Amino acid sequence: MQFPQRKKRKLWKFDFFSIRLQRDALWRPFSGIIGVIAMFQKWGKKKALKDIEQQIDRNNLPRHVGIIMDGNGRWAKKRGLPRNAGHKAGAQNLKTITEYAVTLGIPYITAYAFSTENWKRPKAEVDALMELLLEYLRDKDQLAGNDVRILVVGDRSALSEEINREIDAIEEYTKDRKGTVLYLAINYGGRQEIVRAMRAIGEEIKNGERMPEEITEDLISSQIYTAFSPDADLIIRPSGEERLSNFLLWQSAYSEFWFSKINWPDFTTKDFAQAILDYQNRNRRFGGV
Ligand code: FPP
């Protein structure tokens, strides 16, 4: 069989008035240099990550890390893209960071995907976020190799039947995975979570199953969405905003906070490792001296 001959590109083109250097001939020496620079940059980034990792104490990792995935809109705007492109990149980055957290051995991550206040956004953006969530939940084998169990926290009653079905399916599908638990906070609000817990306890009191004096911190902790995991040790919020925005209000009583100006889609494994290292260098006193 004869393969078609590759057309030989002329490096020089002669025309009557001038001798012109063709574009690829002009760029060829530069593309080599650019390639070498990119290689060095990649190597530098890898080395920087390794340097941080070597300083991380594997016996003092945060057990529960909360992440406010902020700055997707700004990330997109900077690139002249629609906001939804930023959310898409943000969702992809959650996979990258979760996979990395598993390799470090972080047992619990809670990611703020949609707050009870996010319904105030334009309908087109809410619809796009719901579509993205649906896609994310449908991707059953995502993170499979990394042993990630996915659980959803938040008020599911306002979510579509389709999303509820996919939540049930992914929770069931990943239920035996023993690695990191990823709590996806969807239609989640810290205040709503506390109200829900108090209603459940109030109901028990009304039915005569409990006395009001039995209400303790432990009892409330047992009624919140993340009842089976420790309080958040570390809360990460990128994008330059420094507030909690109704995230993990009960669980953050003694959390350490880590803020940075990086937009969430640009937040790298190196940034995550740095946040862990900074957390380990904090002096947590829990009210003591
Ligand atoms: C804030 O960025 C982020 C959100 C409202 C939700 C985060 C959602 C995702 C990362 C995508 C959905 C998640 C999954 C897991 C499918 P912003 O829009 O407020 O950014 P801005 O402050 O720059 O405008």
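Begin by selecting N187, which is buried because 23 other C-beta atoms lie within 10 Å; here a residue is called buried if 20 or more other C-beta atoms lie within 10 Å of its own, exposed if 12 or fewer, and partly exposed in between, with C-beta atoms placed from the backbone. N187 is found in strand β6, and its phi is near 50°, a positive value in a residue other than glycine. Helices (H or I, at least four residues) and strands (E, at least two) are DSSP runs, numbered from the N terminus.

Before going further, note that this is a predicted model, in which local features need pLDDT of at least 70 and side-chain atom pairs count only at pLDDT 80 or more, while totals for chains, interfaces and linings use all residues. Residues are numbered from 1 along each chain as its sequence is written.

Next select L159, in the loop between β5 (149–153) and α5 (161–173). Is L159 buried or exposed? L159 counts as buried, because it has 20 C-beta neighbours inside 10 Å. Leaving aside residues up to four places away in sequence, L159 touches N164, I186 and N187, where contact means that the C-beta atoms of two residues, placed from the backbone, lie within 7 Å. From L159 to I186 the C-alpha to C-alpha distance is 8.7 Å, although the two are 27 residues apart in sequence.

I186 leads on to the largest nonpolar core, which has 49 residues and in which I109, A111, Y112, L184, A185 and I186 have the most contacts. Such a core is a set of buried Ala, Val, Leu, Ile, Met, Phe, Trp, Tyr and Cys residues joined through C-beta atoms within 7 Å. Strand β6 (residues 181–188) gives the most to this core, with 7 residues. Select A185 to see its contacts with T110, A111, Y112, A113, V153 and G154, again not counting residues up to four places away in sequence.

Now show the strands as a cartoon. An open sheet of 6 strands runs in the order β5-β6-β4-β3-β7-β8, with parallel pairing, where two strands pair if DSSP finds at least two bridges between them. Its edge strands are β5 and β8, each of which pairs on one side only, and the twist averages 20° from one strand to the next.

Move to the β8 end, where β7 and β8 pair in the parallel sense over 4 bridges and R237 stands opposite F259 in β8. Helix α8 (residues 269–280) lies across β7 and β8, running at about 140° to β8; axes are lines fitted to C-alpha atoms, for helices over the stretch in contact, and angles run from 0 to 180 degrees between N-to-C directions. In the loop between β7 (234–237) and β8 (256–259), select N246, whose phi is near 70°, a positive value in a residue other than glycine. N246 is partly exposed, with 16 other C-beta atoms within 10 Å.

Finally, select the ligand. It is surrounded by 19 residues, of which the closest are G73, R74, G90, A91 and Y136; a residue is near a molecule if its C-beta atom, placed from the backbone, lies within 6 Å of it. The elements giving two or more residues to this shell are α2 (72–78), α3 (83–104), β4 (108–115) and α4 (123–138).
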